Every structure is written in C-alpha cells, then in structure tokens.
Amino acid sequence: MFSAAAESFLRQAREAQPEELQRFAARVAAQLQGPEPGPEAAACLQRLHLVVAASKYPRRLDGEIAGLLQKVLCSSKCPEQIQLLCAAILREMSPCNDLSLSCDNIQDTKLLSLVSSVLLAQGDKKAEVAAVGQRIVKVLEGRLPEGQSSRYLLPVLSNVISLSPEALTEEQTNVVSKKMADWLRYASIQQGVAQPSGGFFSNPRTRQPGPVTEVDGAIATDFFTVLSLGQYYTEDQWLNMQAFSMLRKWLLCYGGKGLNAPNSGNRSEMDESVMSMVSTTSTSSHLLPPKERLREKAFEYCQRLIEQSNRQALKKADGDLQKACLIEAVTIMDIICKQDSSYVYRAAAFLKVLHSRISGDATYARALLPIAQFFLNHGEMAAVDSDAIYKHLLTDIPAQLFHNASLAFEFVLFCKENSQLFAETSSVFRQSFPNLFKFLAWNSPPLISEFVDLLPFLLDAGTAIEIFHLLLDLPCLTAALDVQMRSTSASERASCDPAVKPATCLEAFRHPLYKSAFQYLLRIESAPEDPPERLIPLRQLLGSLASSPRVVQCADTVPVLLELFFSVVAEFADGPLINQLVVLLLQRSDQLYEIPAFKDDVHRVLSSQLVMLCKLHPALIVELSKELLEFSGTVSNIQNKEAVFTHVVWAIGEYMSVSYDKRCTVEQINRFFETLEAVLFEVTQVRPLASIPSYAPRAITVLMTALTKLAARSQDLIPRVSLFLSKMRTFLQSPAVTSVYCEEDREEILTRATELMNLLKMPSVAQFVFTPSVDAARSRFQKEVNDTLPSALRIVTRLLEPAPGFVPG
C-alpha cells in the first residue's frame, strides 16, 4: 500500500489534463536546453516520468519534446541520472512515432544499454529487435575500450531473446555461448578492489583484495559462482552472475539446435556417455563446439552450486539465495540432460544424493519439484526407481505445507503439467489425490483453473467414487484443515478428556469420538472404501465454521468441479459405475455441509447430472427401482431437495418403459405409479384447520406428468389418473391453497392438468406420445427437458379442448 502522500502524488499525476501536461513538457524542454542540465532539470524529469507512467492509458507528448529527450539521452556531456530519466520517459511513451534513435554507432556500453531499452520497447518490430541483438553481440565479441563494461549489455541480450529468439544467427549464438562458458567457469576468486571515494579520509594506498568466501564464512577454494560472497566484485564476477541468471533461457533457445536426438545417430548411448566423460575430464575442452562446451561448463557450475547449498548460511538472505540457486541449478541440469542424454547418469546419481539430503527439511520443499521433474523426464533412462521420490513429494509436502499459497500454486501447476508423465510412470499420483485436494480446499478459488485441468487425469473407474465423495466434502475438508492448524498452535492447545463430550472443534480434534473421522477426512492417500458414517456427526460438529470466508470460498468452487467430474466420468463409466453413482447421488443429496447456498448449488448440479446419467444408462431405472422408489416416495424430499426430487420423478416417468429396457414389467410400472400417486395425494391433500405446506409448482406438475406417462404404458391406470387430474381445480380453488400459491402458479398447474387429462381421452395417442418406439424415442420430436412436455401434447390438447378456457372441474 502507498502512503497518503504517495497516493496524493499519483492522483495528481493521473488527473493531469493534456493541456497541463503540454505546458509542463515545455517547461521541461526549457530546462533541458540549458548549457548543462542540473538538479532542477532532474526533478522536472522525475515529475514528467510520473505523469506519463501513472496512467494505464498512453500519454502523448509532441514531437519536439520527444526529439529533445533523444538528443539529451545521447549527449556525452549529460549526467547519468538525466540520461536514465530520458530513457525511462521514452519507454513509457512507446510506441513513439517520432523516434530516431539508433544503436549502430554507439560505443559506450551504458548508453547502448539505455538506447537499446528504448528501441526494444517499441512493440512488435522484429527488424529493430534483430538490429539491437546483432549490435550487442558485435560489441561483446570485440575488445571493449578502457573503462567500458559488458555487464550492462547482458540484460539487453536477455530481453532480445525473450522478444525474438530468431534475431540471432547461428554464428552469433556460438560467439555468446563461448563467452558464457568462460564467464561461468573462469571468474576470479579474489574480491574486487574498492573504488576510492576521493574524500578527505580516503586511503591513498590500495589494499590487496582478499579471496571470496562461502556462505558459511569459509574461504572459497573452488571456482566462483553466484553463491560466492565478497565485499566488492570484479568485472568478470559480475558477468559470471549475469550469465547464470540468463543461462536457462539461453539453453532453451539455443542449446539444443543442431543436436541429434538422444536415441538417433550412429553413436549408441554408451558411446555418447563415454565421449561426454572424456570431454568433461579432458583438459582440451576448448576444442569442443561452443554449445557443447557451454553445456559442459554449465553442468559443472550447477554441480558446484548444489555442493555450496549444503553449507550453513550465516545470514538468512544468503540461505534464501541458496534455495533459489538450488532450484535453478537442478532445472538447468534437467535441460542439459534433455539436450544431451550422456549427462543423465551422472546427474541422476548426484540428484539422488541431493534428494536424500534435503527431503527431511520442509524449507527445501520447492527444490523437490525440479528434482521430481528430472526423474520424471530421465528416470527410466537412468534405470532409477523414482517411486520413493514421488511418494515423498505427493504425500508429505501437501500434508505439511498446504497453507503455503505460493508453494500450492507451484505444486499444483507442476502436477498439471506432468499429469500424463505421472500417469504413465507411477501409480503414486492417483493414490495421493486426497492430499492434492488439500491445496484446493485451503487456497480456492485461485487454484480452480489449475484443478479444472488436473481433475481429468485423477479420474478413472477406480477413483471416481472416492473423488465424488471428496468433492462433496471439500468445504468440510477446509474446516478440518483450519481446526488442524489451530490445534497445532501452542496457544490454542485444547485438553482432551475422553469421558467428556467435546464442546468445540478444537476439543474434538483429539477426542476419541471424532479422531478417526478427522483422520479419514485428512488422509494422505486414497482409501477406496465408502466414507464411514461417522463423517455425518463430524459435518455437524464443523458447522460452526460454515460462515468462515475460506470455507465459503471453497464451497463456491464445488459446483464447477462437480460438473466437470460428471462430464469426465461419462466418457468411461459403464452400467455398474453409473448405478453406483446414482445411488450415492441420492444418498449424499442430504448429507452435505450446512451452507444453504452450497446445498442449493450442489442439488442443482446433481439433479442435472442425474438426467445425463439416465440418458447414458436408461436401464438404471429398472435396476435401481428399490432405491428410486424409496427416494421418490419420501414427501419431505420435495422441500429439502426439490431439484433432485423433480428430476428423479421425471426420470422415472421418462425411462420406466419397455422402449428403454425389455426387463420393464407392468408390475414395476404399477409399483412406481402407486408410490408417486401417494406422494401427489399427500401434496394436494387439503386438511381442515391445517396449514398447507408450500410445495414447488414444478414438483406437482412433474408428478402429474410422470403418473400420466406411467398410465399410458399400463392403461388400466388411466381412470385413476384422469379422476385425480379432474380434482385439481377443486384443490387449487380452496382458500387454504390460494393463500399459498400465487395466481400464476395455480394457472400453471391447471394448464398442465388440462393438457394431460385431454390427452388421456385418446389412449392410443397418449401411448404414442409417452411410450415411443426406440427409434422415435431418439428422434428430435421426442426431446423433452425436465418437466416440459413434447410439442405433440400441446397440439393434441388444442384439438381436444371443446372451448377456450375449459378446465376440469
């Protein structure tokens, strides 16, 4: 957050009008046209830079001020601060139509860096990028004048690579590769000399520079790296550090060009390995081609960094640098091995030892990701059993560090990018999915996008049921993780008396009554058996955390993942799995975490997906008749989970037909009819001196429709349905009902009753409409969405209706 003064300056800069900006620019121009711009000119340039940079919309200055800024930038007499500000303003004005800068004849490396930064900011202009890149390489290749430094040019070169890797030719990349190999390997291990300040107390005698040290204070005896410390650094040491910072990008862009694939060519892998060992131990490595020599020196450099990371840093900042360099070193080794497989054997042995050393230290968790990446890429070639590495990564790290937001993102991104490799090389990935969901439970919604891509790789016939339960319990998992974190805090440790029922979540965490439920919910590996019934009281216990913002945010992600879950499962599910999912869908619809909006959203998704499952496997209506009868015969389901109930009733009416399953019998149709008839009777029963419960009009119309469909397939039932439908007007005109339902709802129910009753007057037509042949059932004519009848029903109704406004009485 900015301070109040900074906010005020920014607001003034953003609100500056174009006329005011032009007047101020004219004032700046006057300052710059003086004989020698001084502090006042610098202050004006700073204000001008703030104005042009503060707004996301580009600020335009006239061509005169743009030309003057370029002139001052290239002036050798101008102070460095003024040049920096001019370059910064020109970059903010990019793309600039009045630009006349060129880097062709600039010898001063600082100025070349500034001018190049302006040219590269002009947008997608490949010619300018190529010109800058070629000029930078040409300067690096030649001998620099006294006092000039190459270290100002490497950041520009890195920018050129990012914008247009093809800007450099093969010859130019070889020049830079050769330079980088020398910078990485042959930097001085003596500290630089402090530049005298020229003050009164400055010592005219120059002290002999001492050696650089390691992070633990020991004198460095091997070659210089970014982890070598000194009070002052020499030119080649600065180049060493810069070369390492752009090494990964350079290898990815240019390191692999012109190489044979690992398994192609005339040499075998053993020959390549032998050649690599000879080349890396030979004193004539200068004879290697530039790219191969750079790989050799880069590999040695990374090995030294990994060895240096084992030292105990005296300062926290140095310890953080160790970890960052370790991650980069392992990543670069992986790239080198991809480009030259002969390095794989040495790297694998080296990284296996490294993993053993750091796996027990949670502060090195990020470094485990590139190590695992290496063994995913090369473990088979190195003949290394990597399951122990994957198991530690996927089980221990999420369980301990799920609350680390940045690690969570990196971890899930790593799993997403390597999902295919994991699936092909190890079973640990799918076994550890309960752990991965801890990241989502604690860090949603920022991770929802990554999990949308990751979830399909976790799903198969063996994990679908458990993941279904896990998704429904995801907000509950968030609450449990919150309790787990607070229970480990020394200030909130709760005493546990087994004889006393716990009153709070913290007390329950260690209580025998809830301990096993917590352990199951917080498990680190897959447990294929169904969730134990003891999770039901645990959901109730954790209800006190239902309003927690973290829990609510997690609950918001569940509907999205549920829809994805069913769309993926639909691709491989067979009949038994679909039946199992439908049974669980009915059971779990009233076993959800107590967040009202969450329950409504989940019921909406489950109901729509039930329709999809029925379309995939219509026989489930016959095969699960017992479960469906029990669910649809429970009147309380209409109010508690109306969306699921109406879709179940619709599915019964739609698919309980011999057209979809030859096993469907008249007896089964009659059983469903009697059950739904009893429910509709209960819903529409008017009791004197009793309040009428408010049932959704949709539930009533769907019940009527389903009964009519069943009657059309067992025509002995038609009189019972017709009698029931004829009484709907009397029901809806009673005072108790008119006080509950609005006129629009009553009209909807009456209209549907009229349509259905009129259709049943022609049983053969009703049978055609409601019991089509298999071919007709798949036709466009028969498509029906939830409780909306086919257009044929409405056509028949209009034909049979004797007069407008007729309703059954």
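Is E744 buried or exposed? E744 is exposed, with a relative accessible area of 64%; here buried means under 20%, exposed over 50%, and partly exposed in between, using a 1.4 Å probe and protein chains only.

A quick word on the model: this is a predicted one, where local features need pLDDT of at least 70, side-chain atom pairs count only at pLDDT 80 or more, and totals for chains, interfaces and linings use all residues. Residues are numbered from 1 along each chain as its sequence is written, and side-chain values use heavy atoms, leaving out hydrogens and water.

Back to E744: you'll find it in helix α40, residues 743-760 (a helix is a DSSP run of H or I with at least four residues, numbered from the N terminus). Together with E743, E747 and E748, E744 forms a negative surface patch. For such a patch, residues need over 30% relative accessible area and no salt bridge, and like charges are joined within 9 Å. A salt bridge would be a side-chain nitrogen of Lys or Arg within 4 Å of a carboxyl oxygen of Asp or Glu.

Now for the rings. Rings of Phe, Tyr and Trp (its six-membered ring) pair if their centres lie within 6.5 Å; planes under 30 degrees apart are stacked, over 60 edge-to-face, and the rest tilted.

| Pair | Centres | Planes | Type |
|---|---|---|---|
| F374 and F375 | 5.3 Å | 90° | edge-to-face |
| Y655 and Y660 | 4.9 Å | 70° | edge-to-face |

F374 is buried at 0% relative accessible area, and F375 is buried at 2%. Y655 is buried at 6%, whereas Y660 is partly exposed at 25%. Elsewhere, ring pairs link Y390, F414, F422 and F429 into a cluster.

How values were computed:
Patches are made of residues with over 30% relative accessible area and no salt bridge: like charges are joined within 9 Å, nonpolar side chains (Val, Leu, Ile, Met, Phe, Trp, Tyr) within 5 Å. Accessible areas come from the Shrake-Rupley method with a 1.4 Å probe; for residues, only the protein chains shown count as cover. Lys and Arg count as positive and Asp and Glu as negative; His and the chain ends are not counted. The place of a charge is taken as NZ of Lys, CZ of Arg, CG of Asp or CD of Glu. Helices (H or I, at least four residues) and strands (E, at least two) are DSSP runs, numbered from the N terminus.
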